[in-house]
Amino acid sequence: MDKSPNDLNTSDRIRGILTLANEELSDVPLFYTLDKLSSIVHTRCPKMNQFRSALLNAGYKVSYSHTSPQSIKTDAPSDFIWDIMRHWEKLNPITRQLTDSEPAKAILDKEPSNAVSFEIHRDSDPESKKNKLLRFQMNPEKFWGPKSRAKTSLLYETQSTKSNRLQGKRSNQEQKADWKDFKKYPCKRFKKGECNLGDDCKYLHKPHEESPSEPCNET
């Protein structure tokens with residue numbers, strides 16, 4: 001790709017994803033997500049380089065996973081991960097009272113057993129980010145995934161046009177079907193001479209014709 005960068009339109013995406021995968025910790029199979037950790041303890045989410053710096057300053061290794069921009073792969077034990085969140089919550093206190101049934105209360109009631117420093121580490125941003133590579137792939141366009149089977153007409157409408165055209169089609173059909181079905185039943189108010197709706201009445205106004213009998217629900 002370096003010799004012929006214009007041969008592939010996706011060369012930037014290929015270079016970015018391969019570089020990101022190469023930076024991953026190979027001996028750590030699973031990862032945390034920063035937004036999920038913050039959600040569990042109900043606190044403001046720290047910046048990624050702050051959290052990564054806390055791990056690096058403590059001597060642990062850390063990397064992204066190529067699957068998520070919020071991922072944290074690290075060899076640090078889970079106790080230290082939660083100590084980071086405890087220290088972060090002390091800097092950014094929760095404004096509401098936690099209940100005993102919430103996991104956040106059990107986590108935050110425990111005092112941290114490790115010192116944590118959020119001072120920005122020089123390696124908090126990986127080389128792929130410093131070089132501004134296209135690291136996390138985005139969906140190229142709306143409705144970009146698997147489509148319905150191929151059509152013979154080249155003029156067939158697009159997926160978005162079809163979606164807009166069919167919006168609410170089923171409910172409209174059901175309403176029309178319900179109105180039509182009621183015309184099978186005689187209007188009891190019409191028999192009594194009390195219905196003045198005429199053709200606008202959804203029930204049958206021909207009492208002498210044979211038709212299924214059903215209670216009229218008009219009020």
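Two strands are said to pair if DSSP finds at least two bridges between them, where strands (E, at least two residues) and helices (H or I, at least four) are DSSP runs numbered from the N terminus. This is a predicted model, in which local features need pLDDT of at least 70 and side-chain atom pairs count only at pLDDT 80 or more, whereas totals for chains, interfaces and linings use all residues. Residues are numbered from 1 along each chain as its sequence is written, and side-chain values use heavy atoms, with hydrogens and water left out.

Q: What makes strand β2 (residues 62-65) and β3 a pair?
A: The two are joined in the antiparallel sense over three bridges, and the definition asks for at least two. Within β3, the residue opposite V62 is T74, and two residues lie between β2 and β3 in the hairpin that they form.

Q: How do you know that strand β1 (residues 32-33) pairs with β3?
A: Two bridges join these antiparallel strands, which meets the requirement of at least two. Y32 has I72 of β3 as its bridge partner.

Q: Why are β1 and β2 called edge strands?
A: The open sheet has three strands in the order β1-β3-β2, with antiparallel pairing, and β1 and β2 each pair on one side only.

Q: Why is strand β3 (residues 68-74) described as mostly covered?
A: Buried means under 20% relative accessible area, exposed over 50%, and partly exposed in between, with a 1.4 Å probe and protein chains only. Five of the seven residues of β3 are buried. For the protein as a whole, buried residues make up 29% of its 219 residues.

Q: What makes a set of residues the largest nonpolar core here?
A: A nonpolar core is a set of buried Ala, Val, Leu, Ile, Met, Phe, Trp, Tyr and Cys residues joined through side-chain atoms within 4.5 Å. The largest such set has 27 residues, and those with the most contacts inside it are F51, L55, I72 and I84. Helix α4 (78-91) is among the elements that give two or more residues to this core, and with six residues α4 gives the most.

Q: Which residues does F51 touch, leaving aside those up to four places away in sequence?
A: Taking contact to mean heavy atoms within 4.5 Å, F51 touches L34, L37, P46, I72, I81, I84 and M85.

Q: Why are the buried residues of α1 said to line one face of the helix?
A: In α1, S11, G16 and L20 are buried. Seen down the helix axis, the buried residues of α1 fall within an arc of 155 degrees, so they line one face, the arc being that of the directions from the axis to the C-beta atoms. These buried residues pack against β2 and α6 (127-130), while L18 and N22, on the other side of α1, are exposed.
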